[in-house]
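Reader: Please take me through the terms applied to this model, setting each value against its definition.

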Amino acid sequence: IVAIALVQRPFPSDRTPDGAYMRVARSVTRDEPRDFFAYLETEAQWACYSIHEMRAKATALVAASYPEPRRSEMIAQYKSATEAVDGSDMFAVLYRERGWSRRLRKDLSGVARVETEGERASVVTAQGTRWPFRRRENGIWGLTIFTAELALEAEKATRDLAVVSAAALDYDRARLH
């Protein structure tokens with residue numbers, strides 16, 4: 001009932017932490033993670049675009065250079081990432097694969113208060129959960145709870161691309177000899 005009331009009342013500006021939180025809550029309630037991609041902090045968004053790009057490049061190298069059955073195995077491993085169209089789709093894929101909705105759905109109660117300190121803020125819900133936000137360059141507040149995990153995944157995707165690139169070169173050389 002709280003979630004329904006939250007979704008149906010007018011929202012404050014997304015240039016306020018509580019306005020951004022309410023948009024995230026509405027998207028989580030509707031199970032539309034792409035809709036709150038704009039309310040992630042910038043670093044998290046960049047990480048999603050990087051993951052998507054690195055996985056797409058790795059898939060192209062695998063498809064061009066890897067022998068079977070390894071080619072099919074690797075392409076299947078990266079399938080969900082390569083089917084994503086952009087960073088927001090990549091976020092939605094990870095959101096679903098990692099069950100992040102469970103983390104968010106634990107408490108989507110109304111905003112009890114907002115504690116702001118400079119470019120950071122915590123939205124404290126009626127049930128006491130603290131949702132961390134950071135003000136983005138465009139003035140919109142971005143949720144920060146996925147940033148570290150997404151940044152690590154982007155680093156992993158970059159390392160994986162380096163390994164795939166080296167292996168693709170080896171496979172190409174072996175095929176020429």
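**Terms and values**

Reader: Where is the place of Pro 69?

Author: Pro 69 lies in the loop between α3 (42–65) and α4 (70–77). Helices are DSSP runs of H or I with at least four residues, strands are runs of E with at least two, and both are numbered from the N terminus. The peptide bond from Glu 68 to Pro 69 is cis, with omega near 5 degrees.

Reader: On what basis are such features reported?

Author: This is a predicted model, in which local features need pLDDT of at least 70, side-chain atom pairs count only at pLDDT 80 or more, and totals for chains, interfaces and linings use all residues. Residues are numbered from 1 along each chain as its sequence is written, and side-chain values use heavy atoms, with hydrogens and water left out.

Reader: What makes the protein chain more spread out than a compact globule?

Author: The chain has eight helices and four strands. Its radius of gyration is 20 Å, well over the 16 Å that the globule rule gives for 177 residues, so the chain is more spread out than a compact globule. The radius is taken over C-alpha atoms, and the rule is 2.2 Å times the number of residues to the power 0.38. Along its principal axes, the C-alpha trace spans about 70 × 35 × 20 Å.

Reader: How do you know that β1 and β2 are joined, and by how many bridges?

Author: Two strands pair if DSSP finds at least two bridges between them. Six bridges join β1 (residues 111–117) to β2 (residues 120–125), which run antiparallel, so by the definition they pair. Arg 113 stands opposite Val 124 in β2. The hairpin of these strands has two residues between them, and Gly 118 takes a positive phi near 65 degrees there. Likewise, three bridges join β3 to β4 in antiparallel fashion, and Arg 134 stands opposite Gly 142 in β4.

Reader: Why are β1 and β4 said to stand at the edges?

Author: The four strands form an open sheet in the order β1-β2-β3-β4, with antiparallel pairing. β1 and β4 (141–143) each have a single partner strand, so one side of each is left without a neighbour in the sheet.

Reader: Why is Ser 165 called partly exposed?

Author: Its relative accessible area is 27%. Buried means under 20%, exposed means over 50%, and partly exposed is in between (1.4 Å probe, protein chains only), so the term follows. Ser 165 is found in helix α8 (residues 147–176). Asp 31, in the loop between α2 and α3, has a relative accessible area of 32% and is therefore partly exposed too. Asp 31 also has a positive phi of about 60 degrees, although it is not a glycine.
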